[in-house]
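Please read the numbered points alongside the sequence and the model.

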Amino acid sequence: MKPLPARTRPTPATAPSHSSTHSRDFAQQLIVGVWNYSALLAFADLDIATHLAAQPLTTDQLADRLVAHPDSVHRLMRALAPHRLVRSTEAETWEVTDAGVTLRTDAPRSMRSAVLRRARQARWDELRRWPQLVTDGKSLRRFTSSPGKKRGDTNTGSALSPEPRAFPRPNDSIKDMIAAVDSYGALLVFADLKIAERLAEQPHNVEDLATIYDADPQTLSWMLHTLSSYGLLSIRTEGKVCSLRAAGQTLLDDRRDSMRPAVLMSGQEMWWDALRRLPNTVRRGWPALPGAAASPYAYLKTRPDDLALFQRFMSCRTQPIADAIGAHPFPTSGLVVDVGGGQGTILAEILRAPHNRGLRGLLLERPEVAQHARAYLTKSDLAERCKVTAGDFFTDVPAGGQTYLLASVVHNWPDAAAELLLRRVAEAMAATPGPSRLLCVDMLLPTGSDQPHPGLGLDIRMMSLFGDGRERTTAEYTNLLHRSGFTVQNQIALPHSLSLIEATLAAR
């Protein structure tokens with residue numbers, strides 16, 4: 001493979017903006033497609049369509065028949081409802097649809113074996129090697145699935161998946177969900193080989209790119225056309241010349257809000273294998289992680305390279321959120337306590353905002369993360385205004401803050417643990433003289449069981465990795481805060497379908 005040329009001009013749209021934030025969702029759609037396939041796999045593996053064939057069943061009845069974890073079954077069915085495989089009834093039962101029936105073992109032209117075949121371990125693991133296979137000049141035609149409903153090359157894609165669509169045949173939606181795995185594989189190759197960097201310099205002919213990467217031309221052409229159909233590239237018919245669209249620019253590695261780490265991380269061993277193991281997770285109610293790791297964080301702790309990629313992913317994922325929160329009104333002075341704030345991306349953006357020059361910061365994190373936060377905040381010239389404390393937020397949260405921040409933290413925990421965490425924050429706020437408030441950032445799911453929302457796919461990923469970690473509806477989140485001693489005061493929409501929930505201590 002030929003080395004990348006030196007950059008001769010600035011990367012377009014290096015700084016995040018509202019439009020670039022939206023553009024990041026196009027690459028995210030391909031990642032979510034794999035999460036949705038994982039839910040389909042669990043549905044097929046557990047043979048849920050057959051169990052629902054005779055009559056609709058409640059979640060508890062279905063879980064009994066499956067010998068599975070009731071809450072995991074509920075979350076699985078909720079995620080699949082927008083794909084029209086199941087639907088909920090007014091009697092709070094689940095019934096199978098015409099599309100879902102095609103996943104019965106005894107259905108004419110059953111799709112069940114096709115779903116299970118895509119997750120066979122050798123074939124599943126092979127996809128992670130696609131970047132190497134491509135640069136070895138291998139053809140991937142023998143690995144890829146038959147595509148489902150074809151997308152047009154000029155389609156800019158729906159940034160939010162799943163999108164209910166009309167299909168000529170019931171099983172077309174299932175074919176689309178299977179094909180989504182290969183579409184992600186194309187994105188993984190694109191990100192791993194830094195093809196976006198090549199196209200940022202100038203458009204390239206498909207054949208020229210195949211020569212540069214020593215790739216099989218037909219394989220690379222299929223991948224690039226797949227990404228074009230998702231709105232990442234433009235491919236002109238004459239000469240097959242590829243150029244980056246705004247969505248494709250989000251995969252450039254030097255962007256603060258780059259999607260490249262998210263794509264690469266999704267193909268790492270733990271994240272990738274967890275999706276294939278989702279059927280067993282639904283049965284047990286808890287994921288089986290590589291090396292019998294107790295949690296994703298315990299797994300990452302023993303793998304420095306994977307941990308570094310995860311931290312880069314979290315930083316890039318957080319950047320558009322940090323920009324939005326940094327513009328949020330804060331007191332002119334006082335202390336912002338970022339609980340579980342990672343390396344400090346959001347806290348740094350808050351403190352850097354011109355209207356927040358009078359604020360100080362305190363970041364609470366696990367010891368192994370706290371050292372990275374100190375380095376990041378020092379590099380950001382904020383060490384004098386921000387203290388980093390290593391500790392356990394289930395044990396003790398520092399008092400004295402006028403604002404407490406929990407950004408993408410609550411969703412990592414089941415209700416009991418989340419309530420304990422929130423009570424610790426409430427205790428710290430109660431011990432603080434004067435007014436204080438809590439800001440939570442998380443994704444709030446729609447109340448309706450068949451409404452499409454990106455959080456449903458994220459909830460499947462959370463279940464595959466954390467077991468009881470979950471996304472919540474607005475009502476569930478509000479009730480959790482209320483039980484923990486808070487009153488919700490406001491809710492504001494943020495990028496990527498996230499919400500900022502503002503709460504204060506409940507009156508006593």
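1. Thr59 lies in helix α3; helices (H or I, at least four residues) and strands (E, at least two) are DSSP runs, numbered from the N terminus. At 15% relative accessibility, Thr59 counts as buried; buried means under 20% relative accessible area, exposed over 50%, and partly exposed in between (1.4 Å probe, protein chains only). The side chain of Thr59 makes a polar contact of 3.0 Å with that of Trp94. A polar contact is a pair of N or O atoms within 3.5 Å; within protein, one must be able to donate a hydrogen and the other to accept it, and residues adjacent in sequence count only if both atoms are side-chain atoms. Leaving aside residues up to four places away in sequence, Thr59 touches Pro70, Val73, His74 and Trp94, where contact means heavy atoms within 4.5 Å.

2. This is a predicted model, in which local features need pLDDT of at least 70 and side-chain atom pairs count only at pLDDT 80 or more, whereas totals for chains, interfaces and linings use all residues. Residues are numbered from 1 along each chain as its sequence is written, and side-chain values use heavy atoms, with hydrogens and water left out.

3. On confidence, the chain averages a pLDDT of 89, and 90% of the residues score at least 70; pLDDT is the predictor's confidence in each residue, from 0 to 100. Among the elements of the chain, helix α3 (residues 59-66) has the highest mean pLDDT (98) and helix α1 (residues 18-45) the lowest (85).

4. Two stretches call for caution. Over residues 5-21 the pLDDT stays under 50, and the model has 32 contacts for them beyond four places in sequence. Residues 146-164 also have a pLDDT below 50, with 49 contacts in the model beyond near neighbours in sequence. Where pLDDT is low, the predicted coordinates should not be read in detail.

5. As to the overall fold, the chain has 23 helices and 13 strands. Of its 508 residues, 57% are buried. Among contacts between residues at least 6 apart in sequence, 74% join residues at least 24 apart. The chain exposes about 21000 Å², of which carbon and sulfur atoms supply 51%; accessible areas come from the Shrake-Rupley method with a 1.4 Å probe, and for residues only the protein chains shown count as cover.

6. How many salt bridges does the rule give? The count comes to 26 salt bridges, each a side-chain nitrogen of Lys or Arg within 4 Å of a carboxyl oxygen of Asp or Glu. One of them joins the side chains of Arg470 and Asp71 at 2.6 Å, N to O. Because Arg470 lies in the loop between α22 (454-466) and β11 (472-473) and Asp71 in helix α4 (residues 70-80), the pair ties together parts that are 399 residues apart in sequence. Arg470 is buried at 13% relative accessible area, while Asp71 is partly exposed at 25%. Both residues belong to a network of salt bridges that links Asp71, Arg75, Arg78, Asp459, Asp468 and Arg470.

7. A further salt bridge pairs Arg483 with Glu419, whose closest N and O atoms are 3.4 Å apart. This pair connects helix α23 (residues 474-483), which holds Arg483, to helix α21 (residues 415-430), which holds Glu419, across 64 residues. Arg483 is partly exposed at 37% relative accessibility, whereas Glu419 is buried at 18%.

8. Glu502 lies in strand β13 (residues 498-505) and Arg437 in strand β10 (residues 437-445), 65 residues apart. Glu502 is buried at 17% relative accessibility, and Arg437 is buried at 12%.
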